[in-house]
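Colleague: I have a model open and would like to learn how to read it. Could you take me through it, one feature at a time?

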Amino acid sequence: MIYLDYNATTPLCDKAREMMLPYLDRHFGNASSVHAAGREARAAIDDARDKLAALMRVKPHELIFTSGGTESCNLAVLGLARCPLSRGGHVISNKAEHHAVLNALEHLEKRENFKVTWLNLSERGIVDLDHLAAAIRPETSLVSIMSANNETGVIQPMREISKVCRERGILLHSDMVQSFGKIDTDLSLVDAGLLFLRSGLSIQPIMFGGAHENERRPGTENVAAIAGMAAAAEWTLREQEREQEREKKLRDELWTRISQIFPGTRQNGDLANRLANTLNVSFSSLDSETLLMALDLEGVCASSGSACMVGSVVASHVLLAMGLPMERASSAVRFSLGKQTSAAEIDDAAKATERIIERLIKSNSAYAVA
């Protein structure tokens with residue numbers, strides 16, 4: 001199997017597995033318990049929080065442990081927007097966000113009478129800064145813009161976005177699930193992102209049932225996952241620049257091979273400001289579902305974009321938000337690389353793609369003749 005879907009999920013690294021195993025076996029205590037087993041679990045959480053805070057250059061109490069990126073985005077968006085101390089019922093975002101943010105905002109818009117301004121995107125996938133500045137109102141409480149898009153890898157100008165928000169006193173949330181560990185992440189630019197909430201900010205909980213995480217997120221902590229996350233973050237950030245350069249070369253090699261195989265391909269998104277590991281390609285006259293099924297039969301794992309649509313293959317909402325035509329959005333395939341991706345795998349993936357394209361072209365030609 002050739003796995004090229006790292007933006008969806010990644011294999012567990014050895015360092016994380018080693019750190020998790022004790023808490024899946026003999027150190028199984030509830031971190032809220034006062035006995036020895038509970039104290040061991042609490043110590044593991046505290047150590048992980050301190051390690052992550054040091055890596056991210058933030059304060060330990062500014063980190064909130066949740067079940068993952070989707071819950072974190074929901075807590076940030078809903079919790080900040082609903083906060084009694086917020087300025088009002090107006091939020092700003094864009095239609096290319098991950099569904100964890102997109103659907104949360106749509107809920108506020110449809111169910112809680114919030115007003116949402118959806119910003120324009122360029123064909124390259126970049127937020128319109130002039131539109132952002134013009135969209136801010138006295139009652140604007142929150143701006144939510146992801147740092148790097150999970151489908152195209154496009155990196156937003158977060159420094160400029162932060163400047164616009166700070167000058168007007170608006171909270172800025174950023175979904176950094178894709179950018180963390182791939183590009184330098186400056187959390188001083190945002191107020192909420194990943195599991196980070198700037199000190200002094202109030203947030204409304206979206207779940208109830210306990211006083212965990214300083215009453216911001218209830219529920220018995222997943223000690224093994226928390227310990228593993230800290231180890232994985234440390235491992236991922238090690239030699240980040242060198243690793244991203246390696247992945248960029250592999251990504252560009254795959255694009256060169258694909259473009260030679262099928263000249264009708266086009267890359268999607270800003271070609272300069274994007275993650276080194278992400279290649280989003282549209283194959284004109286073909287469709288994503290057919291291509292993904294064919295790739296799977298060849299042993300290549302890729303996707304058409306977000307992995308959160310329960311296995312369905314639909315036209316990319318991100319590409320449509322960028323103003324690309326339906327034909328291009330519905331023929332897109334995303335290849336995303338990771339630390340375990342090798343040059344040999346890229347070569348095999350390119351060869352598999354060549355076989356698929358040749359078959360599909362012949363099939364389409366035969367259909368046209370018939």
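**Reading the model, feature by feature**

Modeller: Start with a single residue and its neighbours. Ser162 touches Leu172 and Leu189, with residues up to four places away in sequence not counted. Bear in mind that this is a predicted model.

Colleague: Where is Ser162 found?

Modeller: Ser162 sits in helix α6, residues 158-167.

Colleague: Is Ser162 buried or exposed?

Modeller: Buried means under 20% relative accessible area. Ser162 has 4%, so it counts as buried.

Colleague: Now the whole chain. How many helices and strands does the protein chain have?

Modeller: There are 13 helices and 11 strands in the protein chain. The radius of gyration is 22 Å, close to the 21 Å that the globule rule gives for 370 residues, so the chain is as compact as a globular protein of that length. For the extents, look along the principal axes: the C-alpha trace spans about 75 × 55 × 35 Å.

Colleague: What share of the 370 residues counts as buried?

Modeller: The buried share is 51%. The protein chain exposes about 17200 Å². Carbon and sulfur atoms supply 53% of that area.

Colleague: How do I read the contacts along the sequence?

Modeller: Take contacts between residues at least 6 apart in sequence. In this protein chain, 74% of them join residues at least 24 apart.

Colleague: And the charges? How far apart are the mean positions of the positive and negative charges?

Modeller: They are 2 Å apart, for 41 positive and 47 negative charges.

Colleague: Next, aromatic rings. What should I look at?

Modeller: A pair of aromatic rings is described by the distance of the centres and the angle of the planes. A search of the whole structure finds 2 aromatic pairs. In one of them, the rings of Tyr3 and Tyr6 have centres 5.2 Å apart and planes at 70°, so this pair is edge-to-face. The cut-off for that label is over 60 degrees.

Colleague: Are Tyr3 and Tyr6 buried or exposed?

Modeller: Tyr3 is buried, with a relative accessible area of 18%. Tyr6 is buried too, at 10%.

Colleague: Why is the pair of Phe262 and Phe283 called stacked?

Modeller: The planes of Phe262 and Phe283 are at 20° and the ring centres are 6.1 Å apart, so the pair is stacked.

Colleague: On to the backbone. Which phi value does Arg57 have?

Modeller: Arg57 has a positive phi of about 60°, although it is not a glycine. Find Arg57 in the loop between α2 (36-56) and α3. Its relative accessibility is 66%, so Arg57 counts as exposed.

Colleague: What about Glu213?

Modeller: Glu213 also has a positive phi, of about 50°, and is not a glycine. Glu213 is placed in helix α7, residues 212-215. With 6% relative accessibility, Glu213 counts as buried.

Colleague: How far apart in space are Ser72 and Lys249?

Modeller: Ser72 and Lys249 are 32 Å apart, C-alpha to C-alpha, and 177 residues apart in sequence. Ser72 belongs to helix α3, residues 69-81. At 7% relative accessibility, Ser72 counts as buried.

Colleague: One more pair. Where is Val314 found, and how far is it from Pro218?

Modeller: Val314 is in the loop between β10 (300-301) and α11 (317-321). The C-alpha atoms of Val314 and Pro218 are separated by 35 Å, and the two residues are 96 apart along the chain. Val314 has a relative accessible area of 48%, so it counts as partly exposed.

Terms used:
Residues numbered from 1 in each chain as written. Predicted model: local features only at pLDDT ≥ 70, side-chain atom pairs only at ≥ 80, totals over all residues. Heavy atoms only, no water. Helix = DSSP H or I, 4+ residues; strand = E, 2+ residues; numbered from the N terminus. Rg over C-alpha atoms; globule rule 2.2 N^0.38 Å. Buried < 20%, exposed > 50% of the residue type's maximum accessible area, 1.4 Å probe, protein only. Contact = heavy atoms within 4.5 Å. Areas by Shrake-Rupley, 256 points an atom, 1.4 Å probe, with all protein chains shown as cover. Lys, Arg positive; Asp, Glu negative; His and termini not counted. Charge placed at Lys NZ, Arg CZ, Asp CG, Glu CD. Phe/Tyr/Trp six-rings, centres within 6.5 Å; stacked < 30°, edge-to-face > 60°.
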